[in-house]
Amino acid sequence: RKFMSDGVAAAISGEEARADQFWAGLKMLQFDASCGPMNFVCGGIASRLANGEGATFLDVVNLLGVKRTATVLKGSPLLSVLPEFIHYIGTVDGAVLTAATKNPAKRKQLAGALKDT
């Protein structure tokens, strides 16, 4: 079993400032024990944390919770449109959001629609 993704390894083993930002981003998110950071953080999320985008993920976690954020974002095309996705979350009700993010194909479709806005 793999301990961490390649993206996490890259984020913590490169430039010291990027590694520091990665760890600061994880600390900001304050994961609970049921969904630890290594289960949540894929390569795309790791690189964004290393780029100082922890506050963006905190916004999503605050809106969706850790487990749902992990399901919706891990390895998802929605990572490329996070600001638009955060805005979208605030404009739709829970049932619409669930339908739009229920599987990878729906998430890809939503990311494409958000990219065009």
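This is a predicted model: local features need pLDDT of at least 70, side-chain atom pairs count only at pLDDT 80 or more; totals for chains, interfaces and linings use all residues.

Colleague: Understood. How many helices and strands are there in the chain?

Modeller: The chain has 9 helices and 0 strands. Read from the N terminus, the order of elements is α-α-α-α-α-α-α-α-α.

Colleague: And what share of the residues is buried?

Modeller: Of the 117 residues in the chain, 39% are buried. The accessible surface amounts to about 6,500 Å², and carbon and sulfur atoms account for 54% of that surface.

Colleague: What about contacts between residues at least 24 apart?

Modeller: They make up 63% of the contacts between residues at least 6 apart in sequence.

Colleague: What does Leu-78 touch, leaving aside residues up to four places away in sequence?

Modeller: Leu-78 is in contact with Val-72, Leu-73, Phe-85, Thr-101, Arg-107, Leu-110, Ala-111 and Leu-114.

Colleague: Two of those lie in or by H6. Which residues of H6 are buried?

Modeller: In H6, the buried residues are Val-66, Thr-69, Ala-70, Val-72 and Leu-73. Just after H6 comes Gly-75, which has a positive phi of about 65 degrees.

Colleague: Turning to helix packing, at what angle do H8 and H9 pack?

Modeller: The angle between H8 and H9 is about 105 degrees, and their axes are 6 Å apart. The two helices are therefore roughly perpendicular to each other, since angles of 65 to 115 degrees fall in that class.

Colleague: Which residues make that contact?

Modeller: H8 contributes Ala-99, Ala-100 and Thr-101, and H9 contributes Lys-106, Arg-107 and Leu-110. By class, the contact between H8 and H9 comprises 3 nonpolar, 1 polar and 2 charged residues.

Colleague: Now some single residues. Is Ala-46 buried or exposed?

Modeller: Ala-46 has a relative accessible area of 0%, so it counts as buried. This residue sits in helix H4.

Colleague: Where is Gln-21 placed, and what does Gln-21 touch beyond four places away in sequence?

Modeller: Gln-21 belongs to helix H2, residues 16-29. Beyond its sequence neighbours, Gln-21 touches Leu-49, Ala-50, Asn-51 and Gly-52. The C-alpha atoms of Gln-21 and Glu-53 are 8.5 Å apart, although the two residues are 32 apart in sequence.

Colleague: Why does Gln-21 count as partly exposed?

Modeller: The relative accessibility of Gln-21 is 36%, and the partly exposed class runs between the 20% limit for buried and the 50% limit for exposed.

Colleague: Lastly, Lys-27: is this residue buried or exposed?

Modeller: Lys-27 counts as exposed because its relative accessibility is 66%. Lys-27 is also found in helix H2, and its C-alpha is separated by 9.0 Å from that of Gly-54, a residue 27 places away along the chain.

Conventions. Residues are numbered from 1 along each chain as its sequence is written. Side-chain values use heavy atoms; hydrogens and water are left out. Contact means heavy atoms within 4.5 Å. Helices (H or I, at least four residues) and strands (E, at least two) are DSSP runs, numbered from the N terminus. Buried means under 20% relative accessible area, exposed over 50%, partly exposed in between (1.4 Å probe, protein chains only). Accessible areas come from the Shrake-Rupley method with a 1.4 Å probe; for residues, only the protein chains shown count as cover. Axes are lines fitted to C-alpha atoms, for helices over the stretch in contact, and angles run from 0 to 180 degrees between N-to-C directions. Angles under 35 degrees count as roughly parallel, over 145 as roughly antiparallel, 65 to 115 as roughly perpendicular and the rest as oblique. Ala, Val, Leu, Ile, Met, Phe, Trp, Tyr, Cys and Pro count as nonpolar, Asp, Glu, Lys and Arg as charged, and the others, Gly among them, as polar.
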